[in-house]
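Here is a short report on a two-chain model. Look over the sequence and the structure first, then read on.

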Amino acid sequence: MRVLEEGRGELLGWLDPDEARRWMAERKSRSPVDKRMTLREAVERFTHDGDYFALGGFGHIRVSMAAIYEMIRRGRRHMAMAAKTAVHDVDILIASGVVDRVECAYSFGHELRGLSPAGRRAVEGGRVKVVAEISNAGFQWRFRAAAMGLPFLPTRVMLGSDTLRYSSAKVVEDPFSGKPLCLLPACYPDFAIIHVHRCDRYGNSQIDGITIEDIDLARAAKRLIITTEEIVDEDLIRMEPERTVIPYYLVDAVCEAPYGSHPGNMPRLYYSDEEHMAEWLKLSRTDEGVKEYLDKYIFSVEDFSQYIELVGGRKKMEYLRRLEMLEEPLRAPWAVRG
Amino acid sequence: MMDYTATELMACVASRTLEDGRSVLVGTGLPMVAAALAQRLHAPNLLIIFEAGGIGPRIPTIPISVGDSRTFHRAIMAASMDYVMSCAQLGLVDYAFLGAAQIDPYGNLNTTVIGSHDRPRVRLPGSGGGNDAGSLCWRTIILMMQDRRRFVEKLDFLTTPGYLIGPGARERAGLPRGTGPYRVITQLGVMGFDEGSKRMGLLSRHPGVTLDDVVENTGFQLIIPEEVPVTEPPREEELRLLREVVDPAGIVIG
């Protein structure tokens, strides 16, 4: 295949397919073992300074905030993030100094809430570098190529754009149709963290609702931490095997974290906490405000359950449940009418 | 006459461009409002699709994210990014609904940076699903504010392809044949693209907007026909639904 164009972005997370096969064969146990552990242990064992990682969910939807806070508490540094629709996750990881490089499909924004003050300040000031651009489908298909054990996947996105010129993709002439095609390199992150609705002690996981990129990401990641709203009996998984989206042999750690996506949305269980998001967006306008927020909600507590108490405990969680069930009208302090 | 804001007018005009029984991939913000309004008015069988996997929801209230639980509320399918984007690549998605920070005469879009890429003056979120939607859907509709900083001869960064440098350029780049920008809806008017040159041209101006207003707020030569009709203003029913049902908290329409 003739290469017509090459993106100049840094190629992160790529492995030769035979290296990837060897990693999976040697490092992913096919023996079911009880993988329950504390988040602290999981973060200490499976995340390292300098790693390139991806987070499941959608930036502020079904995202493992519990694990993110633990990474911040453990003082992780110089990490590169696969920012595939990264929203509140990347913002707080940048603000706290964990992430200093980003491969960017979507970052520095809070969707309807506007742009992210902390993330923008870091990238505009040069403290954080965007080492490659990509699109959302681009990331999805980088993970898919990895999940299939292939070196790349041919697609028809990003062609003709600066997104491609600043990416790690290549354009070739398709030997079948003769048309230019965008080849997306496989992406095997050093680790991924995915928050799920329920799983058993071995890591067999169910997700309610959309799965976003997580089915492929789970297979692409070299290490996988599952955080879960609840740990259930293996029998429950075996009663409905069609509901398993992540099987145990992909999983390295299982950590129970009720309300683990707060202040993000957990479909069917609780909606996003817009009062808390508004507090973050306001405080993160300055470095002092960021410090105040991190001290108050992350460094002053031992673990995620203490944080949940701090942000309002049962009463707040019950309100967010009613909001999710459309039993309460949404109040968004960052919006004009609130 | 009813009082309305520019944002409300844009939402109404955008919603009217969506036909019943068609599929639309919807981006964050005003596109969600327009699609939800269309679904409640003239297009009950509009197939609304969200990039994170929500297919065919009955949108109860405006989602904050294109991936939150509202995007698959009473949907026909809760799928994945791969499933949705593959459907678009396969040719099943008629419309893409996008916003942008900058647009050029060929409908190319910038949502990545203002200034240079490596030392940006303003860092924007990046492509998100924008590049994918604008590459793969049949017709792209763009909703954005119009002024000389946004409507520019040359983009700071080409995030999402429009007609690139003119006729045939999309196909030469390898993008799916017969796709591209279709409408640009702003606070001043509605624009389309000339069949021959693929350059942007004015289709209608909104009530109270003069041709001079449009020209003064466009940083490139816009094709202006001899007769330019005036956009139909929002109807009472449209405004009522927008304010009371679609976005009662005012999170998009203000």
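Two residues are in contact if their C-beta atoms, placed from the backbone, lie within 7 Å. Helices (H or I, at least four residues) and strands (E, at least two) are DSSP runs, numbered from the N terminus. Axes are lines fitted to C-alpha atoms, for helices over the stretch in contact, and angles run from 0 to 180 degrees between N-to-C directions.

This is a predicted model, in which local features need pLDDT of at least 70, side-chain atom pairs count only at pLDDT 80 or more, and totals for chains, interfaces and linings use all residues. Residues are numbered from 1 along each chain as its sequence is written, while chains are lettered from A and ligands numbered from 1 in the order in which they are written.

**The sheet in chain A**

Four strands of chain A form an open sheet, in the order E1-E7-E8-E6, with antiparallel pairing. Strands pair if DSSP finds at least two bridges between them. E1 (3-6) and E6 (152-155) of chain A are the edge strands; each has a single partner strand, so one side of each has no neighbour in the sheet. From one strand to the next, the twist averages 30°.

Two of the pairings are set out here.

| Strand pair | Bridges | Facing residues |
|---|---|---|
| E7(A) and E8(A) | four bridges | Val172(A) and Leu181(A) |
| E6(A) and E8(A) | four bridges | Thr155(A) and Cys182(A) |

The hairpin of E7(A) and E8(A) has six residues between the strands. Within this hairpin, Gly178(A) takes a positive phi near 80°.

A residue is buried if 20 or more other C-beta atoms lie within 10 Å of its own, exposed if 12 or fewer, and partly exposed in between. Five of the six residues of E8(A) are buried, so E8(A) is largely enclosed by the rest of the structure. H6(A) lies across E6 and E8 of chain A and runs at about 140° to E6(A).

**Where the chains meet**

How many residues of chain A are in contact with chain B? The count is 56 residues of chain A, against 52 residues of chain B. Elements that each supply at least two residues to this side of chain A include helix H6 (136-147) and strand E8 (180-185). The largest share, four residues, comes from H6(A).

**A glycine of chain B**

Gly174(B) sits in the loop between helix H5 (169-173) and strand E11 (180-185) of chain B. Gly174(B) is buried, with 24 other C-beta atoms within 10 Å. Gly174(B) touches residues of chain A, among them Arg156(A), Lys179(A) and Leu181(A).

Methods: Lists of a residue's contacts leave out its neighbours within four places in sequence.
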